[in-house]
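Hi,

Here is the structure I promised to pass on. Have a look at it first, and then read my notes below.

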Amino acid sequence: MRIQLQSLLGESFHTATETEDGQKILTEARERYVSRYGGIGHGVEVEVPAEPDSIWLTDVVRQIVTECETKGIVAPDWNGAFVSLHFRGKVHFIPAKLFVELACKMLGMKPQVAVARFSRGVPRPGEARPGA
């Protein structure tokens, strides 16, 4: 199934062209994210293929869940994380929570189901691993 990205791109809190200085646009996006949403402003880098489909989108949700989890940024709020979506010469910065919610809606699954499916069970900083 082909994925239409307009609803995801519409949630961008910052957009820049890829020809700009990468470190500069990442710093600007992080500062905007932190001032608007709080948290640490961890970015999850995602490249969009020429024909994004449901398999790609599922893999992106998995990437967000696992990468954020390893940084101690966990569902359901993913406070402190955003997605850097590289698409057609631009970088769109989208809060991870909104990205996952919209992506799961497109995939016909609830965000909590995606988290349960893709979580590696990494504890938050200071928490013991389940069963330990």
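Predicted model: local features only at pLDDT ≥ 70, side-chain atom pairs only at ≥ 80, totals over all residues.

Let me start at one spot in the sheet: in E4, valine 91 is the bridge partner of histidine 86. Residues are numbered from 1 along each chain as its sequence is written, and side-chain values use heavy atoms, with hydrogens and water left out.

**The sheet**

Two strands pair if DSSP finds at least two bridges between them. With that rule, 4 strands make an open sheet of mixed pairing, in the order E1-E4-E3-E2. E1 and E2 are the edge strands, each pairing on one side only. On average, neighbouring strands of this sheet are turned by 20° against each other, direction ignored. For angles like this, axes are lines fitted to C-alpha atoms (for helices over the stretch in contact), and angles run from 0 to 180 degrees between N-to-C directions.

E3 and E4 pair in the antiparallel sense over 6 bridges. They form a hairpin with 2 residues between them, and arginine 88 in the turn has a positive phi of about 50°. From E2 the chain crosses through H3 to E3, a right-handed β-α-β crossover. Right-handed here means that, with the strands pointing away from the viewer, the path from the first strand over the helix to the second runs clockwise.

How many residues of E3 are buried? The answer is 7 of its 7 residues, so E3 is mostly covered; buried means under 20% relative accessible area, exposed over 50%, and partly exposed in between (1.4 Å probe, protein chains only). Ala81, Val83, Leu85 and Phe87 point one way from E3, and Phe82, Ser84 and His86 the other way. H4 lies across E3 and E4 and runs at about 90° to E4.

**The cores**

A nonpolar core is a set of buried Ala, Val, Leu, Ile, Met, Phe, Trp, Tyr and Cys residues joined through side-chain atoms within 4.5 Å. The largest one has 30 residues, and Trp56, Leu57, Val61, Ile64, Trp78, Leu85 and Phe99 have the most contacts inside it. Strand E2 (42-47), helix H3 (54-70), strand E3 (81-87), helix H4 (96-107) and helix H5 (111-118) each give two or more residues to this core. H3 gives the most, with 7 residues. Setting aside neighbours within four places in sequence, leucine 57 is in contact (heavy atoms within 4.5 Å) with Ile3, Leu8, Phe99, Ala103, Met106 and Leu107. There is also a second, separate core of 9 residues, which includes Ile25, Leu26, Tyr33 and Val91.

**The aromatic rings**

Rings of Phe, Tyr and Trp (its six-membered ring) pair if their centres lie within 6.5 Å; planes under 30 degrees apart count as stacked, over 60 as edge-to-face and the rest as tilted. The count by this rule is 7 aromatic pairs. Phenylalanine 13 and tyrosine 37 have ring centres 5.9 Å apart and planes at 70°, so this pair is edge-to-face. The two are 24 residues apart: phenylalanine 13 sits in the loop between helix H1 (6-9) and strand E1 (14-17), and tyrosine 37 in helix H2 (residues 22-37). Phenylalanine 13 is buried at 9% relative accessible area, whereas tyrosine 37 is partly exposed at 32%.

Phenylalanine 13 also pairs with phenylalanine 93: the centres are 6.4 Å apart and the planes at 45°, so the pair is tilted. Phenylalanine 93 is in strand E4 (residues 90-95), 80 residues from phenylalanine 13, and is buried at 2% relative accessibility. Ring pairs link Phe13, Tyr33, Tyr37, Phe82 and Phe93 into a cluster.

Best wishes
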